[in-house]
Structure formats: structure tokens, C-alpha cells
Amino acid sequence: MSQIDRAVDLLRTGELIGLPTETVYGLAADASNPAAVEKIFTLKDRPANHPVIVHIAEVAKLADWAVISSDRINQLAERFWPGPLTLVLPRQPWVSTAITGGQESVALRVPSHPVAQQVLQRFGGGVVAPSANRFGRISPTRAQHVIEEFGDAVELVVDGGDCQVGLESTILSLVNHAELLRPGSIPVEEIEQLIGEPVGRENRSGQRAPGLLERHYSPRTRAILVPGEQMAALIDLREMDGVKIGVLAFSQQDCGGSRVERLGNDPELYSRQLYAALRRLDHPSIDLILVEQPPQTPSWLAINDRLTRATCPLE
Ligand code: TXA
Ligand code: MG
């Protein structure tokens with residue numbers, strides 16, 4: 001039996017699987033099976049009021065889950081799906097509040113990863129899939145990360161290679177005014193241009209999104225975000241105290257440290273490698289992770305968002 005067939009079988013029998021998507025790996029379950037959805041919350045230690053994203057195979061299935069209340073929804077779906085955009089929309093009355101965290105909205109996404117596509121097409125229904133990490137920890141971007149997080153508790157992790165995007169999807173709420181709930185690889189400016197309306201960036205509507213909690217996506221090792229020009233001096237200072245420093249570098253400057261992960265200055269490549277690099281630095285031989293701050297420009301928005309949550313500011 002192929003991995004895809006096994007994955008679909010497991011979903012049908014209410015089991016959880018590790019599923020690759022183009023953003024990060026998901027911990028997937030049949031969205032129409034309340035017991036299966038419950039298993040996700042238990043395994044992830046995720047609070048029950050934190051909603052999960054429903055993944056569907058194609059735009060045509062959107063109306064099974066959400067009320068299509070405006071034209072901009074179709075415009076966005078046609079432009080960005082399959083792809084790393086999640087839309088938060090008014091839910092259909094039959095969608096379980098276990099999925100929506102008790103809210104009247106539901107989050108939907110059509111992933112583009114060929115493995116996710118095949119599983120969803122054969123499965124037919126919706127699949128809920130939060131990132132396959134324990135609550136608050138770093139999202140997985142390769143199959144081995146999921147195995148490290150959950151071990152035998154997940155029967156099958158379908159190996160789809162390294163995730164191409166590497167950061168979680170852009171989440172856009174269209175419940176009222178267009179509002180960015182989580183930045184991702186899709187430029188907000190491109191969304192604004194398409195729908196001809198400004199996108200709010202402050203999440204004032206009070207919708208809960210755990211991705212918006214201050215501490216999230218965190219390594220266990222203490223991590224600090226440091227302006228580039230202060231890196232070398234800070235590393236010297238701490239190394240004199242015998243502190244073993246892990247460095248997540250953006251620039252080419254040589255600044256010391258026991259272990260250096262150099263991700264470079266292209267935001268696309270940086271995103272793709274970020275979580276794997278953070279996992280490598282989050283190692284018992286490292287006492288402190290110093291993250292060199294990237295530029296504060298729009299193409300680095302999602303990266304800066306995740307780095308801010310994964311680190312403490314420099315005091
Ligand atoms: O890229 C992704 O989106 C990955 C892959 C696996 O698809 N999934 C993912 O799921 O990141 P998760 O559960 O880690 O993050 C989903 C985010 C959470 O911040 C959640 O609060 C938000 O989506 N969300 C889900 N439903 C929502 C809703 N009805 N209203 C507001 N936010 C919602
Ligand atoms: Mg997550």
C-alpha cells in the first residue's frame with residue numbers, strides 16, 4: 001500500500017497523521033470526526049478554545065464550510081489557492097465549534113504541496129491540521145521534526161521532504177473588514193491590491209489566534225534578538241563568562257559563537273531554513289541563542305514576527 005493510501009485509510013478510521021504541506025508539517029485528522037479532532041488537542045496540549053484550520057482539496061469545496069459573503073473571497077481563493085493563504089470566514093451552521101474554538105468563523109486553506117493535495121483529493125472531506133508541534137513550540141518543516149515531537153503517538157508521518165515555504169500560512173480574516181491575523185509569505189500589499197481595500201494589521205476584532213500569543217514558536221533555550229551592530233561585542237562578552245553561544249546569523253559578518261547557523265539575506269531562503277536552524281541551535285550544548293535582527297522591511301515581516309515571538313528583546 002502506498003503512503004498516500006495508508007494516510008487516507010488512517011484519516012478514515014479516525015487516526016492522526018503527520019502531513020507535509022508547503023508551509024510546515026501538519027498534525028492531521030478528519031475534520032468531520034469529533035473524536036479524531038479531540039485527539040489533536042490532547043496530543044498537542046492545545047487549549048480547547050484555540051481554533052484549527054480546515055484543509056480542503058479545492059476551491060469548489062469552500063461553500064461546504066464557509067458562507068461566501070463577498071466577492072473578495074472568490075478573488076482571493078482564485079488568486080492564491082492552492083497556496084499558503086488561510087481565510088477566516090463566517091462558518092456554515094453545521095461546522096463543529098470544536099474546530100472553530102467556539103467561534104462563529106472557520107479558517108480554511110487549500111494547500112499546494114503535492115502530497116497534501118493527493119491525500120485531500122482521495123480523502124474527499126476536510127482535514128484539520130494545526131502545525132505538528134507541541135503547543136507553543138517551533139513548527140516542523142521536515143518529517144523527522146514531527147517524529148521528534150510525537151514519537152510513536154502518531155502512527156504515520158508522510159515524508160514530503162523539506163517544506164518549501166517554511167513559515168506558517170498567512171491568515172487573513174474576512175469576517176468584517178479584511179484583517180491580517182498572522183503574516184506569512186504572501187505580501188499584504190498584494191492582497192490589498194487584489195481586493196482594493198486596506199488590510200488591518202492590528203487584530204482589533206478580538207478573534208483569538210494562538211499564533212498571536214506573545215510567546216510562541218519558541219525554542220527551549222533562551223534566545224535573544226540582537227541588532228546586527230551589537231552582535232560581535234555581545235558574543236565576546238558572554239563567551240568570556242563561559243557561556244556557550246548559538247548564533248542565528250543574517251549577515252556575513254564573522255562574529256564568533258560555538259555554533260553558527262547562517263541563513264543569508266534572501267527572505268525566501270531564510271524562511272525555508274529558519275525553523276530547522278532554530279531546532280539545531282536548541283541543543284543541550286548551547287546555553288544561549290543570539291539571533292541577529294534582519295531588516296525591518298515588508299519582505300521580512302513574517303520572519304520578524306516569528307523571531308519576535310521566539311526570542312526575548314535585548315535589555
Ligand atoms: O501553514 C499553516 O497554516 C499550517 C499548515 C499545517 O497548514 N497550520 C497551522 O495551524 O499553522 P496552527 O493551528 O498552528 O495555526 C492556525 C492558526 C492559529 O493561530 C489559530 O488561532 C488560527 O489559525 N485560526 C484558526 N481558526 C481561526 C478562526 N476561526 N478565527 C481566527 N483564527 C483562527
Ligand atoms: Mg502552530
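Rings of Phe, Tyr and Trp (its six-membered ring) count as a pair if their centres lie within 6.5 Å, with planes under 30 degrees apart called stacked, over 60 edge-to-face and the rest tilted.

**Entry 1. Basis.** I worked from a predicted model, in which local features need pLDDT of at least 70 and side-chain atom pairs count only at pLDDT 80 or more. Residues are numbered from 1 along each chain as its sequence is written, and side-chain values use heavy atoms, without hydrogens and water.

**Entry 2. Aromatic residues.** I looked up the aromatic pairs and found two. Phe250 and Trp300 are edge-to-face, 5.3 Å centre to centre with 90° between the planes. They lie 50 residues apart. I noted that Phe250 and Trp300 are both buried (under 20% relative accessible area; exposed is over 50%, partly exposed in between, with a 1.4 Å probe and protein chains only). Tyr270 and Trp300 are also edge-to-face, at 5.2 Å and 80°. Tyr270 belongs to helix H9, whereas Trp300 sits in the loop between S13 and H10. The relative accessibility is 0% for Tyr270 and 3% for Trp300. I recorded Phe250, Tyr270 and Trp300 as one aromatic cluster.

**Entry 3. Leu180.** I then examined Leu180, which is found in strand S9 (residues 179-182); strands are DSSP runs of E with at least two residues, helices runs of H or I with at least four, numbered from the N terminus. Leu180 has a relative accessible area of 7% and is therefore buried.

Conventions: Chains are lettered from A and ligands numbered from 1 in the order in which they are written.
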